Amino acid sequence: MRTETDSLGPVDVPDNAYWGAQTQRSMTNFAFPATERMPIAVIHALATIKLVAARINLRHGLDETLAGAIKTAAAEVIDGTHDDQFPLAIWQTGSGTQTNMNVNEVIAGRANEILNGRRGGKAPVHPNDHVNRSQSSNDSFPTALHIAAARGVIVRLDPALSEMHRILAGYHAAWSDLVKIGRTHLQDATPLTLGQEFSGYAAQIAQCRSRIGHALDEVLALAQGGTAVGTGLNAPAGFADDFAREMAAMTGMAFRPATNPFAALAANDALVALSGALSTLAVALTKIGNDIRLLASGPRAGIGELILPENEPGSSIMPGKVNPTQCEMLTMVAAQVIGNHAAVTTGGMQGHLELNVFKPLIGANVLRSIDLLATAIDGFTRHALAGLQPDRARIADLVDRSLMLATALVPEIGYENAATIAHHAQAHGLTLRQAALATGLVDAATFDRVVRPETMVGAAKA
């Protein structure tokens, strides 16, 4: 052990730790299990902030030697070299101060080791005076959340959505002439093509990508430069603009300063909006997953219009059973994301006066939703969508037996007469054509001319 100090006094810290007193106090005061640690994406984003800040502070008087050591140490944190040095829990102060100081202390501790061979301490690099220079937890932590969320969406989630959309759109085209029976209220309805059905799924994903993109634009606005309450106290003039410019250049993402730093600190509306878009995506994925699960039900006692890839045995007792496991996984993840959004919404409401104090909860849940969705969508696309096949014989049989084809007769003989034919067919176990002729409400020539499923799906087959 070694002794580190903060404004409250001395604290014993493990000798192999780069962190200092404030990190050690947080470990004692917020003793959650390792499963509740702050997401590492937030740590890497904070380290990126420290590196960029050191570059700017160098231009405003920070000693070149100190700035160089800070940048080197921050780069090591960014690349994951010191991931074991960030043990703090999500559940801490609502500003994320302990995690910000954890990063400050680790970077300072490593910078000091670089400069004088001794790990930790506050000299020559001080965690507050040098690593945290021109910053506050109140602007750095929300900035880190925005950076981490933007990275997650751009690097992981959007590519997964793009591939899912590509395959769904491909099925729209490939199955554009495959006529099947529609269903409303889980009851037989008029025909459409399987391609048209899948065009709806493709459109949902495209619309979700658009919503997430709009929400992401707000996330690209950064709070950095507002310092404690939004006034920019202790930051040099132009720091916010310089920071956003440097961060954009470093990451390749279109970051910009927040239009109003007071709102950026006191509220987390941009992350709430992003979480809302993710929740809407979860709703869409549930619709798609459930539809595919229903259409693939069977194989002999269900709808059975789709054939899912057989990924694993489905039962420990029923031989030969194969379950729609990817659909189940996708919809469970969607339920969790919707739950995460409820927490984020509650967190977003905790913006009291000049600071929202639920930032760790908001950030952790948004990042978890992004990660869950990206992983689930990728898996579902690979292991379910990519190998999906229609059962053409089953689809044709269900179309032939549908009573709702009687809808095509309405312009010829009226709604009431068409309903009589449909009810007669159902009551007597007849085909629709047999019932039509038996009732005498339509002749064979008229029936054969009018009741043609391929003409009932719309001219565009969109």
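Predicted model: local features only at pLDDT ≥ 70, side-chain atom pairs only at ≥ 80, totals over all residues.
How many cavities of 30 Å³ or more does a search of the whole structure find? The search finds one.

**Cavity and pocket**

Rolling a probe the size of a water molecule over the atoms shows where empty space is left. The largest cavity has a volume of about 60 Å³. Its lining consists of L308, P309, N311, E312, V322, N323, P324, T325, Q326, C327, H383 and A384. By class, six of these lining residues are nonpolar, five are polar and one is charged. Two helices, α11 (325-348) and α12 (359-385), each supply at least two residues of this lining. The greatest contribution comes from α11, which gives three residues.

The largest pocket holds about 450 Å³ of space. Its lining is made up of 18 residues, and those nearest the centre of the pocket are A296, S297, G298, P299 and V322. The lining of the largest pocket divides into eight nonpolar, five polar and five charged residues. V322 is named in the lining of the largest cavity, and V322 is also among the residues nearest the centre of the largest pocket.

**Helix packing**

| Helix pair | Axis separation | Crossing angle |
|---|---|---|
| α2 and α3 | within 8 Å | roughly 160° |
| α11 and α12 | within 9 Å | roughly 165° |
| α2 and α6 | 8 Å | about 115° |

Helix α2 spans residues 40-58 and helix α3 spans residues 64-78; their axes cross at roughly 160°. That angle makes α2 roughly antiparallel to α3. The crossing of these two helices is left-handed. On the α2 side, the contact is made by I43, H44, A47, T48, K50, L51, A54, R55 and L58, and on the α3 side by E64, A67, I70, K71, A74, A75, V77 and I78. Eleven residues of the contact between α2 and α3 are nonpolar, two are polar and four are charged.

Helix α2 also packs against helix α6 (residues 137-174), at an angle of about 115°. The crossing of α2 and α6 is right-handed. From α2, the residues A41, V42, H44, A45, L46, T48, I49 and K50 take part, and they meet S140, F141, T143, A144, L145, I147, A148 and R151 of α6. This contact of α2 with α6 comprises ten nonpolar, four polar and two charged residues. H44, T48 and K50 of α2 are listed in the contact with α3, and H44, T48 and K50 are listed in the contact with α6.

The crossing of α11 and α12 is left-handed. Their contact has 16 nonpolar, nine polar and one charged residues.

**Backbone features in the loops**

Most residues other than glycine have a negative phi, and most peptide bonds are trans. Where in this model is the peptide bond cis? P124 is found in the loop between α4 (97-116) and α5 (127-131). Another cis bond leads from G298 to P299, with omega near 10°. P299 lies in the loop between α10 (269-295) and β7 (306-307). Both G298 and P299 are among the residues that lie nearest the centre of the largest pocket.

H185 is not a glycine, yet H185 has a positive phi of about 60°. This residue is found in the loop between β3 (179-184) and β4 (187-193).

Technical notes
Residues numbered from 1 in each chain as written. Heavy atoms only, no water. Axes fitted to C-alpha atoms, helices over the stretch in contact; angles between N-to-C directions. Helix = DSSP H or I, 4+ residues; strand = E, 2+ residues; numbered from the N terminus. Parallel < 35°, antiparallel > 145°, perpendicular 65-115°, else oblique. Left-handed = near helix turned anticlockwise from the far one by under 90°. Contact = heavy atoms within 4.5 Å. Nonpolar A, V, L, I, M, F, W, Y, C, P; charged D, E, K, R; others polar. 1 Å grid on protein atoms, 1.4 Å probe; cavity = no way out; pocket = protein on both sides within 12 Å on 5 of 7 lines; lining within 4 Å. Points joined across faces, edges and corners; volume = space filled by probe spheres on them.
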